[in-house]
Amino acid sequence: MKTSLGKSTVAAEAHLLSNPTKKSRRMSTSAAAMSATFDKYAHYLNTLNDKRERVVKASRDITINSKKVIFQVHRISKYNRDEVLEKAEKDLAAVTDQHLSRLVKELQGTDFWKLRRAYSPGVQEYVEAATLYEFCKTGKLLNLEAINASLLPLSDPSFEPLQINILDYVLGVADLTGELMRLAIGRISDGELEYAETICRFVREIYRKLTLVVPIMDENYEMKKKMDTMLQSVVKIENACFSVHVRGSEYIPLLGCSDPNFSFLGAQELEL
């Protein structure tokens, strides 16, 4: 049997040697198929890279215009609250309709999770702006379901809708606490101590809830870093509020507050 197999192999080699044109044609066909395969891969990668560049540009535009919404909200005071929130609402709607819709069109019908790192910064900034506006308007935290529901009209019904994932939402909420810290300090300087204490309780509650969630998150490296920053924001708000109450005899009358209250620290009554 080995002898017959060896003979057939030798015969095949001899046949190829006697037909060099056929051997060349076979190698040419194989090279053409391989070239076509690599051309297909190159086209896929080039298309993906071009899409990534467009997604990064859309994410950058979302970030820039979301920051404008945040800056607008920071202008709020007890004298211009309605005016500032009305302008912020229009600006946020413009971010959604003009820039976020462009991101949705780029990603719909594709495996958008592959490009998450390209658009995640913009989405986080959008979440931060939307939640800050909602807190100043209602005093509540805008949840993920409400944000995703507002994005549904932007998607083509024939494609899977782009939805913000839980990680980007939580990262955006973590950044929200830093903006609330700045807002609280600003309200204290304008004499709105009760509003600052409300912000203090709100930020402290967010931090408390996230300390239970972060340890069990799969991708929590970035979130762990933000938790440290969040704790610093909580401490800054508490110190600012406490300083005003403790040293209130020096400048509380100038701020229009005459009855110190320590309930924001969890104490019913505190005598100095």
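Guide: Helices (H or I, at least four residues) and strands (E, at least two) are DSSP runs, numbered from the N terminus, and on that basis the protein chain has nine helices and zero strands. This is a predicted model, in which local features need pLDDT of at least 70 and side-chain atom pairs count only at pLDDT 80 or more, while totals for chains, interfaces and linings use all residues. Residues are numbered from 1 along each chain as its sequence is written, and side-chain values use heavy atoms, with hydrogens and water left out.

Visitor: Why is K51 called buried?

Guide: Buried means under 20% relative accessible area, exposed over 50% and partly exposed in between, with a 1.4 Å probe and protein chains only; K51 has a relative accessible area of 15%, and is therefore buried. K51 lies in helix α2, residues 20-73, and, leaving aside neighbours within four places in sequence, is in contact (heavy atoms within 4.5 Å) with E106, T110 and L115. Buried residues make up 39% of the 272 residues in the protein chain.

Visitor: What makes α6 roughly antiparallel to α7?

Guide: Helix α6 (residues 166-189) and helix α7 (residues 193-213) pack at an angle of about 160°, with their axes 9 Å apart. Angles under 35 degrees count as roughly parallel, over 145 as roughly antiparallel, 65 to 115 as roughly perpendicular and the rest as oblique, so α6 is roughly antiparallel to α7. Axes here are lines fitted to C-alpha atoms over the stretch in contact, and angles run from 0 to 180 degrees between N-to-C directions. Residues making this contact include V170, L180 and R187 of α6 and Y195, F202 and L210 of α7.
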